[in-house]
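Student: I have a structure open and want to learn how to read it. Can we go feature by feature?

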Amino acid sequence: MNSNEIMYKFYNELDRIEVINSSLDNKRQILNGFVDELKKDLSNITLDDDLRKTNEELSKMFDEIVSLSKDSIEDWEDKFKQMLAQEKFRSDLANHFIVMIFGRVKAGKSYLGNFIAKHRLEEQKVEFFRYDEAGKKEKTNKLEELDEEEFKTNNLECTSSIQGFKLSGLAWIDTPGLGSMTAENGALAKEYIQAADYVLYPSSSGAPFQRDEIEELGRIFDMNKKVTALITKSDTTIEDECECGSEGGCEKCNKGIIKTLANKTKAIRDGQEEWAKNEIAKILNGNKE
């Protein structure tokens, strides 16, 4: 199967994606009602004064159990609110299969997203969107065309907000990099990653999987997410003198030098992949211990 056939199969399969996410609103209401009743019961429960006086040890144990129960309920409610936020994120994406690409600035995240959206099948439409720092979803002006609608970046060359596109059954989420200067964006990305069905983690071949990236991968593994680690930008610049021989340059060169991109050798790429596999294996082994 050649590359064109593989890509056609990929885009064709996107139309067949179905994510089942049944409505749980009724069950949530029942569960919340149960918790509310439990909180009321804990607030009203008392221990007889005479019993407290005659058995201080039992009285102390009773108070500790009630206090621990209240703390446990508060902790559960906090986690439940986080889960609801994640469900809202999925609802906003109309139950698409959520692929989140997460990693450093300049690792090729947005380029890969643009490539996938641009090379879609002719009959497929793409809808772009963006989330601001507060988590509010915004639509871009052109939802169906990508050609001139590159993902926007700010002056610091890091993604200005969480953004992405919907394409058939796929929701592609492009997150701020680890080096993002916007703290709110980084926190938002880590919150949304909980709702992802699949995570892509690219790292530039210029210096693949540095310590902070390895540590971040470890945290994603701890979330029990399915992750694919990628080494991107596996090319290098080759310089050659232009035939014009002019120091001023011509249309083909810059000051007499022609620069072209070429893939790194197979040996270099294989070596980087093997090193990355070993480093990732250390994380996985550490998580098992």
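Student: How many helices and strands are there in the protein chain?

Tutor: The protein chain has 8 helices and 9 strands. Keep in mind that this is a predicted model.

Student: What share of the residues counts as buried?

Tutor: Of the 289 residues, 33% count as buried. The accessible surface comes to about 18800 Å². Carbon and sulfur atoms account for 49% of that surface.

Student: What about contacts along the sequence?

Tutor: Take contacts between residues at least 6 apart in sequence. Of these, 70% join residues at least 24 apart.

Student: Now strands. Is E1 mostly covered or mostly open?

Tutor: Start with the general idea. In a regular strand the side chains alternate between the two faces of the sheet. Now the case here. Strand E1, residues 97-101, is mostly covered, with 4 of its 5 residues buried.

Student: Which strands pair with E1?

Tutor: One is E5, residues 170-174, which pairs with E1 in the parallel sense over 5 bridges. In that pairing, Ile101 stands opposite Asp174. E6, residues 198-204, also pairs with E1 in the parallel sense, over 3 bridges. There, Val99 has Tyr198 as its bridge partner.

Student: Which side chain makes a polar contact with Ser203?

Tutor: That of Glu213, at 3.1 Å. Glu213 sits in helix H7, residues 211-222. Its relative accessibility is 1%, so Glu213 counts as buried.

Student: Next, salt bridges. How many are found in the whole structure?

Tutor: The general idea first. Side chains of opposite charge can pair when their charged atoms come close. A search of the whole structure finds 6 salt bridges. One of them joins Lys39 and Glu77, at 3.2 Å from N to O. Lys39 lies in helix H2 and Glu77 in helix H4, so this pair ties together parts 38 residues apart in sequence. Lys39 is partly exposed, at 34% relative accessibility.

Student: Which residues make the nonpolar surface patch?

Tutor: Leu31, Phe34, Leu38 and Trp76 make it, with an area of about 350 Å². Helix H2, residues 25-44, gives the largest share, 3 residues. Trp76 lies in helix H4, residues 56-92. Its relative accessible area is 31%, so Trp76 is partly exposed.

Student: Where does Thr46 lie, and is it buried or exposed?

Tutor: Thr46 lies in the loop between H2 and helix H3. With a relative accessible area of 65%, Thr46 is exposed. Its C-alpha is 9.2 Å from that of Phe62, 16 residues apart along the chain.

Student: Last one. What is Thr236 in contact with?

Tutor: Leave aside neighbours within four places in sequence, and Thr236 is in contact with Thr260, Leu261, Ala262 and Lys264. Thr236 and Ala262 are 26 residues apart in sequence, yet 5.5 Å apart in space, C-alpha to C-alpha. Thr236 is in strand E8, residues 235-241. At 35% relative accessibility, Thr236 counts as partly exposed.

Note on methods. Residues numbered from 1 in each chain as written. Predicted model: local features only at pLDDT ≥ 70, side-chain atom pairs only at ≥ 80, totals over all residues. Heavy atoms only, no water. Helix = DSSP H or I, 4+ residues; strand = E, 2+ residues; numbered from the N terminus. Buried < 20%, exposed > 50% of the residue type's maximum accessible area, 1.4 Å probe, protein only. Contact = heavy atoms within 4.5 Å. Patch = residues over 30% accessible without salt bridge, like charges linked within 9 Å, V, L, I, M, F, W, Y side chains within 5 Å. Areas by Shrake-Rupley, 256 points an atom, 1.4 Å probe, with all protein chains shown as cover. Salt bridge = Lys/Arg side-chain N within 4 Å of Asp/Glu carboxyl O. Pairing = 2+ DSSP bridges. Polar contact = N/O pair within 3.5 Å; in protein donor to acceptor, adjacent residues only side chain to side chain.
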